[in-house]
Amino acid sequence: MTAGTAVRPGVLVSAGRIARFTKVMYKPHYLLYGVLWVLALEGTAALVSQTDTAWRPTGATAARIAIVAVVLLYLRMVDEQKDLEYDRVHNPDRPLVTGAVSAPELRTAMGVIAVVAIAGSLALSAWSAVLIAAVLAYGLVLWGLEQLSETVRTNILLNLVVTYPVQLLVTAYAVISAMNTGEVAGSWRILVVAAVFAGAFLQFEFARKTSREYREGEMLYSNALGANGSALASVLLAVAAVGFEIAVARPWAQDLPSAVFGWLPVALLLIPLAGAWRFRRSGDTDYPVIPAVLFILTLYLALIAQALTFGPTG
């Protein structure tokens, strides 16, 4: 390798710092969530849209999983920068706060991810590229909104209304891309599927930001709704997710043993209910997050199994 083509030491250092940031801030369960999200979403959308053949993951599915995985990392990098002032007070061990990584390094990595995600999506379809570009752009819009508006930055309920659409955009990307590549057919019932995944994610979102204590300056739903109100919201969102799923998948129309997978989400409601019961009966300060994580992951696994075993829902 000549001197003109040698990799500069600074580039290697930055790549190493980005790798360490990813290891710290992009835990394996985040990646697992992204993989299961795409599989469960595509499979359920295929099931309810009545494709001619049973759903099976394809090479295009694998590409979407990889793209969503890196885009979730991109959004994690955006959050790290837009929440910097908050983290300096409430999360002083975060990599950007400690100097373990710099903002320019994160922005460079974001640029690389954007190019890879858009190019990979373009290989699937033009609409895939447009939608993934919209996801990336919306992340930057959120960053700008929080910089411009203190209300958006500090009012957690308004912040949720403003930030959650990025999840809907990722859902739209996965479904429309799958329609373009033939795994999913068009159907209005896919809108109900989107509600299933919204409820599943939001039950976790409320669970992880619920505490018995009112913490001045912290972004907690319990600060706005009270501990009981925030806990109840988490449980009701889980119930809504399962209710929508049962309504759209119609497990009663299936024969055994396939129908078992269709009704399994109802049994999985015991997980968030157990978390709420523990919070109510124990003296724990914070709402238990593990049941919320377990519910969303097991629900997605059940949806994948359901999509693989069900016949057309009619």
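Q: Which residues does glutamate 218 touch, not counting residues up to four places away in sequence?
A: The model is predicted. Glutamate 218 sits in the loop between H11 and helix H12 (221–225). Leaving out residues up to four places away in sequence, the residues touched by glutamate 218 are Tyr86, His90 and Asn223.

Q: Is glutamate 218 buried, partly exposed or exposed?
A: The relative accessible area of glutamate 218 is 25%. Buried needs a value under 20% and exposed a value over 50%. Glutamate 218 therefore counts as partly exposed.

Q: How far apart in space are the C-alpha atoms of glutamate 218 and isoleucine 156?
A: Along the sequence, glutamate 218 and isoleucine 156 are 62 residues apart. In space, C-alpha to C-alpha, the separation of glutamate 218 and isoleucine 156 is 9.2 Å.

Q: How do the directions of H6 and H7 relate?
A: Helix H6 covers residues 103–124 and helix H7 covers residues 126–148. Their axes come within 5 Å and cross at roughly 155 degrees. An angle over 145 degrees counts as roughly antiparallel. H6 and H7 are therefore roughly antiparallel.

Q: How many nonpolar residues does the contact of H6 with H7 have?
A: On the H6 side, the residues that meet H7 include Met110, Ala114, Ala117 and Ile118. On the H7 side, the residues that meet H6 include Ile132, Leu136, Leu140 and Trp143. By class, the contact has 1 charged residue, 2 polar residues and a nonpolar count of 13.

Q: How far apart are the end C-alpha atoms of H6?
A: H6 has 22 residues. At 1.5 Å a residue, H6 should span 32 Å. The distance between its end C-alpha atoms agrees with this, at 31 Å.

Q: Is threonine 108 buried or exposed?
A: Threonine 108 is in helix H6, where the buried residues include Leu106, Ala109 and Met110. The relative accessibility of threonine 108 is 53%. Since the cut-off for this class is over 50%, threonine 108 counts as exposed.

Q: Is isoleucine 271 buried or exposed?
A: Isoleucine 271 lies in helix H15 (residues 270–281). Leaving aside neighbours within four places in sequence, its contacts are Pro291, Leu294, Phe295 and Thr298. The relative accessible area of isoleucine 271 is 17%. A value under 20% counts as buried, so isoleucine 271 is buried.

Q: Is arginine 280 buried or exposed?
A: Arginine 280 is found in helix H15. Between arginine 280 and arginine 212, the C-alpha distance is 9.9 Å. With a relative accessibility of 61%, arginine 280 counts as exposed.

Q: Which helices are included in what covers the buried residues of H10?
A: The buried residues of H10 are Val166, Gln167, Val170, Thr171, Tyr173, Ala174, Val175, Ser177 and Ala178. What covers them includes helix H2 (28–48), H3, H6, H7, helix H9 (156–163) and helix H11 (189–208).

Q: How many of the 21 residues of H2 are buried?
A: H2 reaches 30 Å from its first C-alpha to its last, close to the 30 Å expected. H2 is mostly covered. Of its 21 residues, the number buried is 15.

Q: What value is phi of arginine 250 near?
A: Most residues other than glycine have a negative phi. Arginine 250 lies in the loop between helix H13 (227–249) and helix H14 (258–268). Its phi is a positive value in a residue other than glycine, near 50 degrees.

Note on methods. Residues numbered from 1 in each chain as written. Predicted model: local features only at pLDDT ≥ 70, side-chain atom pairs only at ≥ 80, totals over all residues. Heavy atoms only, no water. Axes fitted to C-alpha atoms, helices over the stretch in contact; angles between N-to-C directions. Helix = DSSP H or I, 4+ residues; strand = E, 2+ residues; numbered from the N terminus. Parallel < 35°, antiparallel > 145°, perpendicular 65-115°, else oblique. Contact = heavy atoms within 4.5 Å. Nonpolar A, V, L, I, M, F, W, Y, C, P; charged D, E, K, R; others polar. Buried < 20%, exposed > 50% of the residue type's maximum accessible area, 1.4 Å probe, protein only. Expected span 1.5 Å × (residues − 1).
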